[in-house]
Amino acid sequence: MADQWQKVTAEKVGDIIDVSELQSGSVELLKSDMRPEKYIQALTSAEKWSDAVKVMAHTLPRREAIWWACICARNMEVLAKNKAEALALKAAEKWVYKPTDENRRKAFLQAQKGDAPSVGTLSSLAAACSGGKLSLGEGQSADLDGSAVPQIVSTVVIISATEKEADQTNQMLNSFLQKGIDIACGGNGQVKGQED
């Protein structure tokens with residue numbers, strides 16, 4: 001399976017993430033020159049779910065990482081109850097389908113209407129940050145930090161997993177990681193046998 005992660009371009013984990021962001025037990029699993037997909041597999045085998053999510057968010061290219069966040073967030077109850085959050089998620093998805101500066105600007109504006117740190121708002125914010133400086137029109141612009149995208153994505157995925165009962169969180173994180181692996185392999189994140 002690791003050889004099929006065609007969306008992964010990084011050769012080493014150290015090239016994509018500062019390991020100081022990870023728990024010490026996770027760092028102990030990291031071998032020098034370890035490829036990201038091997039490390040994610042080691043983390044999931046050791047049930048280091050949140051750190052596996054963090055590494056996956058750094059491993060995927062920005063567009064694919066934001067898509068992963070969107071599909072993980074898609075069925076959260078907050079989206080049914082809060083129109084601004086639902087619209088924010090749709091704005092993020094629209095950017096994934098067509099990653100233009102105009103869609104990035106719309107995602108940014110929609111994120112301003114949301115209830116951060118909720119999943120819709122954060123997904124839109126990730127889309128907005130995906131390309132750095134953003135023109136807002138009328139001579140205004142926003143300097144957005146693209147390096148924040150993996151952190152925002154991992155936050156969305158973890159929040160999405162914690163909506164269910166506490167004893168289901170790890171199961172949800174594992175399910176979401178399988179979606180991430182499917183995306184890393186060139187799929188759309190819709191894993192057979194898993195509910196959307």
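How many residues does helix H4 have, and how far does helix H4 reach from its first C-alpha to its last? The legends below take this up, view by view.

This is a predicted model, in which local features need pLDDT of at least 70, side-chain atom pairs count only at pLDDT 80 or more, and totals for chains, interfaces and linings use all residues. Residues are numbered from 1 along each chain as its sequence is written, and side-chain values use heavy atoms, with hydrogens and water left out.

**View 1. Helix H4 from end to end.** Helix H4 (residues 62-73) has 12 residues and reaches 16 Å from its first C-alpha to its last, close to the 16 Å expected at 1.5 Å a residue. The expected span is 1.5 Å times one less than the number of residues. Helices here are DSSP runs (H or I, at least four residues), numbered from the N terminus.

View 2. Of the 12 residues of H4, 10 are buried (under 20% relative accessible area, with a 1.4 Å probe and protein chains only). Among them you can find Trp-67, Trp-68, Cys-70 and Cys-72. The cover over these buried residues includes H3, helix H5 (77-81), helix H6 (83-97), helix H8 (119-129), helix H9 (149-161) and helix H10 (169-184).

**View 3. Helix H8 and its Ser-124.** H8 is mostly covered too, with 10 of its 11 residues buried. Its buried residues pack against H4, H5, H6, helix H7 (101-113) and H9. Look for Ser-124, which sits in helix H8 and counts as buried because its relative accessibility is 0%. Leaving aside neighbours within four places in sequence, Ser-124 is in contact (heavy atoms within 4.5 Å) with Ala-88, Leu-89, Ala-91, Ala-92, Ala-107, Gln-110 and Ala-111.

**View 4. Helices H2 and H3 side by side.** Helix H2 (residues 36-45) and helix H3 (residues 49-59) pack at an angle of about 165°, their axes 8 Å apart. Axes are lines fitted to C-alpha atoms over the stretch in contact, and angles run from 0 to 180 degrees between N-to-C directions. So H2 is roughly antiparallel to H3 (an angle over 145 degrees). The contact is made by Pro-36, Tyr-39, Ile-40, Leu-43 and Thr-44 of H2, together with Trp-49, Asp-51, Ala-52, Val-55, Met-56 and Thr-59 of H3.

**View 5. A closer look at Thr-44.** Thr-44 belongs to helix H2 and counts as buried, at 16% relative accessibility. Not counting residues up to four places away in sequence, Thr-44 touches Trp-49, Ala-52 and Leu-177.

Methods
Helices (H or I, at least four residues) and strands (E, at least two) are DSSP runs, numbered from the N terminus. Angles under 35 degrees count as roughly parallel, over 145 as roughly antiparallel, 65 to 115 as roughly perpendicular and the rest as oblique. Buried means under 20% relative accessible area, exposed over 50%, partly exposed in between (1.4 Å probe, protein chains only).
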